[in-house]
Amino acid sequence: MREAMDEFRRFQRDKEVNSQLYSKLTVRGKVQVQSSDIQVGDLIIVEKNQRIPSDMVFLRTSEKAGSCFIRTDQLDGETDWKLRVAVSCTQRLPALGSQTHSVELLYSPFSWCSISAPRSSGGCVKIFPRECDLFSISAYVHAQKPQLDIHSFEGTFTREDSDPPIHESLSIENTLWASTVVASGTVIGVVIYTGKETRSVMNTSNPKNKVGLLDLELNQLTKALFLALVALSVVMVTLQGFVGPWYRNLFRFLLLFSYIIPISLRVNLDMGKAAYGWMMMRDENIPGTVVRTSTIPEELGRLVYLLTDKTGTLTQNEMVFKRLHLGTVSYGTDTMDEIQSHVRSSYTQLHSQASGNNTSSTPPRKAQSSGPKVRKSVSSRVHEAVTAIALCHNVTPVYESRAGVTGETEYAEVDQDFSDENRTYQASSPDEVALVQWTESIGLTLVNRDLTSMQLRTPGGQILTYCVLQMFPFTSEGKRMGIIVRDESTAEITFYMKGADAVMSTIVQYNDWLEEECGNMAREGLRTLVVAKRALTEEQYQDFESRYMQAKLSVHDRALKVAAVVESLEREMQLLCLTGVEDRLQADVRPTLEMLRNAGIKIWMLTGDKLETATCIAKSSHLVSRAQDIHVFRPVASRGEAHLELNAFRRKHDCALVISGDSLEVCLRYYEHELVELACQCPAVVCCRCSPTQKAHIVKLLQQHTRKRTCAIGDGGNDVSMIQAADCGIGIEGKEGKAASLAADFSITQFKHIGRLLMVHGRSSYKRSAALGQFVMHRGLIISTMQAVFSSVCYFASVPLYQGFLMVGYATIYTMFPVFSLVLDQDVKPDMAMLYPELYKDLTKGRSLSFKTFLVWVLISIYQGGILMYGALVLFESEFVHVVAISFTALILTELLMVALTVRTWHWLMVVAEFLSLGCYVASLAFLNEYFDLAFITTMTFLWKVSAITVVSCLPLYVLKYLKRKLSPPSYSKLTS
């Protein structure tokens with residue numbers, strides 16, 4: 001029933017997501033459709049900051065450049081924005097007016113043969129800049145069958161109504177995958193894959209039905225109890241001597257001792273789980289927590305491995321400029337005003353010099369080629385560094401139109417507001433935006449940019465125009481980007497470059513500080529970029545340009561030749577500065593990770609982001625402590641390379657491992673066991689460039705090789721597979737959607753809440769369920785022991801000791817409330833559990849519920865059952881009905897006292913439950929004259945006999961508990977005392 005409720009709630013959440021509205025383009029205008037109703041071949045309009053509902057080919061954008069940026073962190077975990085280019089044939093359509101038209105999609109999900117979507121015809125309504133033009137052509141898209149790879153796509157766009165037909169090849173840059181978000185402009189796309197055929201869903205594994213370790217352990221104990229039941233029945237029949245129809249007696253004994261099997265255990269545990277879920281959701285310290293799978297709260301108390309995403313989970317994906325280092329002087333956040341004054345004064349001087357040059361007819365300065373080197377002032381060095389940062393990037397400033405609607409872009413320029421408040425920056429990397437925003441904050445503002453020029457505004461309000469001559473974009477192999485610009489006012493040509501320190505250290509002139517400062521910033525968790533420049537004469541640039549164009553036209557080895565020409569410029573560059581940018585961490589990430597580590601949980605970070613970024617965050621979040629070494633696993637492509645690298649790693653001790661997804665794939669193919677064994681010994685592991693399926697694969701590997709409980713936490717659609725594969729999945733409901741939180745077993749709003757969820761709720765859920773499960777077993781065993789003793793005394797006759805309502809009442813109203821009240825028990829207060837996370841470490845050993853503790857409870861049950869039955873038989877005088885009255889009353893009292901013995905911290909509801917059960921039993925005595933002699937149970941004789949038997953059955957246990965607590969106290973009791 002409870003699982004059905006969970007499933008129904010999931011269905012409702014999915015329905016909510018699937019009913020999000022999107023604009024569909026038809027010949028009659030815009031139509032609002034639910035995302036679940038979108039079909040292959042539909043033309044869908046997606047606004048800025050809206051999630052793309054299905055896989056589409058990018059046809060049209062409101063951006064003049066014919067391209068847009070999309071955020072893919074929910075798909076691949078990468079923080080960089082991706083540039084997507086509209087199909088040029090549809091982007092540059094001329095206005096053709098209203099006429100009969102057809103748009104169709106040719107696509108087959110299983111092969112390259114094509115099926116056509118129905119054609120539509122009719123008039124045209126103007127709602128988007130020249131939207132109607134899409135219906136004025138006859139064209140089709142040919143797409144490959146659905147693939148798993150999110151980084152590749154092959155297709156063609158064919159326009160049939162032109163002569164000859166226009167064929168345009170489609171690649172990954174012409175696609176808009178589902179689960180990504182449009183970051184700039186408004187786009188129109190034609191749907192090519194929906195539902196289970198989208199890349200994001202294909203990279204998501206099917207959810208498994210999760211069963212907690214505690215449930216599996218209780219199942220094992222229940223099997224042992226069943227064997228005990230059969231064995232006891234066989235022994236009874238054997239002692240009877242197999243007389244008469246012995247098999248009938250065997251079945252009668254099986255029925256008499258059936259209370260050994262704890263049938264009510266499942267009911268009690270399920271009610272307990274519901275109570276734990278309710279407590280988690282009501283906890284004011286972790287607001288917004290939702291329990292989506294109510295069957296595994298105890299798993300939160302048994303975790304050994306925590307696998308976490310980076311982007312949006314540990315970090316906020318918000319970059320902040322923190323440090324500027326010029327070699328002899330370093331500027332931090334508290335000294336930015338000094339930079340501001342340097343920049344203001346240097347531009348004031350330049351302006352006065354420029355106005356002086358205008359009065360005298362001095363020609364503009366050329367690049368310095370000779371003359372003695374003079375040590376520059378700090379002010380001029382700051383000026384050069386800030387100018388380089390403001391120019392060396394691929395950032396574009398964007399101004400929103402005042403109307404705020406998707407107006408006609410041809411006329412949007414008139415309505416645009418060019419004020420600072422209305423400007424936003426777009427770039428493929430948030431680091432780039434952070435640098436440009438910083439230069440704006442100190443007075444040098446990027447106000448305009450296109451393919452050939454960019455304009456900067458100085459603190460004094462002058463506009464500096466630079467002509468962009470060449471652009472060398474960032475690549476993951478090169479790890480650097482460059483730009484050649486010409487200053488329009490002075491005609492100076494400068495080559496600026498910035499990149500990773502490992503690459504730039506060989507390009508810049510000799511210095512003695514770069515390596516050390518890069519190390520210092522990296523230890524602070526800052527992402528470093530080295531900025532350098534080289535002044536070029538007109539002749540040098542012309543020579544470079546001719547060689548560069550020649551290399552770009554070559555047919556063979558084009559990439560190598562182009563790289564060689566660019567490298568000819570990258571020599572003896574002047575080192576300007578070192579920048580440090582911080583990716584802001586989520587609130588309280590460091591103390592939370594520290595707490596989890598102290599609790600004995602090993603933390604692995606699995607991210608789709610770059611190696612350098614992942615390493616920086618591992619340091620800044622203190623996932624890797626400052627004293628620890630980091631072993632970066634070199635890229636390997638073959639079995640031999642993997643073997644050598646594993647041997648090199650084996651020689652390292654107590655160091656964190658950083659490995660990329662490609663190297664991991666190769667190692668797992670040939671040396672799976674060795675790699676997992678070595679990785680499990682590391683204090684922390686960082687896997688970068690991981691695909692969603694790889695994340696899930698790593699979780700399964702840990703489960704198979706270590707047999708320990710795993711937990712996965714993430715916030716994006718790319719984490720869903722990992723969350724579903726783990727024994728316990730936690731989703732963070734972030735600003736990037738709800739995909740992870742909806743698929744998870746537990747949903748939280750901030751990463752820091754995981755500390756309390758595990759240390760307090762997970763720990764207490766496991767300990768309470770362990771106590772509750774064993775107590776329910778004890779309740780069945782004690783009455784079965786009494787039955788066995790009674791049958792033995794009666795010459796092994798299969799006669800029931802208690803009948804009818806006594807048996808029903810024993811398992812329900814007489815003992816149910818006190819036993820169930822154990823779900824309120826706690827050994828330490830929540831604050832203490834948070835303060836001493838080491839208490840959590842004990843739980844992973846499973847000592848609260850094991851065969852050892854089970855045998856202790858079996859022995860207690862045998863002892864108490866024997867004492868109660870023999871005591872009643874010894875003390876009864878005349879009638880058998882007195883045996884029933886004495887033993888049953890003593891049994892109820894013993895159970896209530898045993899609950900009191902088990903409780904570690906009293907709750908007022910526990911006291912109520914004890915007295916309520918006792919009151920129910922005393923009140924029911926008046927109606928049980930069928931089983932009890934009412935005259936006898938009101939006498940003092942009855943009372944002292946019941947009291948004596950109860951004291952003998954419980955007092956030794958109280959004494960033993962006291963002695964154990966004194967001689968060998970548990971860890972939690974040391975804290976409470």
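A: Before we look, a definition: patches are made of residues with over 30% relative accessible area and no salt bridge, where like charges are joined within 9 Å and nonpolar side chains (Val, Leu, Ile, Met, Phe, Trp, Tyr) within 5 Å. Accessible areas come from the Shrake-Rupley method with a 1.4 Å probe, and for residues only the protein chains shown count as cover. This is a predicted model, in which local features need pLDDT of at least 70 and side-chain atom pairs count only at pLDDT 80 or more, while totals for chains, interfaces and linings use all residues. Residues are numbered from 1 along each chain as its sequence is written, and side-chain values use heavy atoms, with hydrogens and water left out.

Q: OK, which residues make the nonpolar surface patch?
A: Leu897, Val951, Leu955, Tyr958, Val959, Tyr962, Leu963 and Leu967 make a patch of about 770 Å².

Q: And which helix gives the largest share of that?
A: Helix α32, residues 940–967, gives the largest share with seven residues; helices (H or I, at least four residues) and strands (E, at least two) are DSSP runs, numbered from the N terminus.

Q: Is Leu955 buried or partly exposed?
A: Leu955, which lies in helix α32, is partly exposed at 49% relative accessibility, given that buried means under 20% relative accessible area, exposed over 50%, and partly exposed in between (1.4 Å probe, protein chains only).

Q: Switching topic, how many salt bridges are there?
A: The count comes to 31 salt bridges, each being a side-chain nitrogen of Lys or Arg within 4 Å of a carboxyl oxygen of Asp or Glu. Side chains of opposite charge can pair when their charged atoms come close.

Q: Which residues are linked in a network?
A: Salt bridges link Asp215, Arg266, Asp270, Lys273 and Glu298 in a network. Within it, Arg266 and Asp270 meet at 3.8 Å, N to O, and these two are four residues apart in helix α7 (residues 264–282), so about one helical turn separates them.

Q: What about Glu298 and Lys273?
A: Their side chains form a salt bridge at 2.8 Å, N to O. Glu298 is in the loop between β14 (290–291) and β15 (303–308) while Lys273 is in helix α7, so the pair ties together parts 25 residues apart in sequence. Glu298 is buried at 1% relative accessibility, and Lys273 is buried at 2%.

Q: Last one: which residue does Glu440 pair with?
A: Glu440 forms a salt bridge with Arg423, their closest N and O atoms being 3.2 Å apart. Glu440 belongs to helix α11 (residues 430–441) and Arg423 to strand β19 (residues 423–426), so this pair ties together parts 17 residues apart in sequence.
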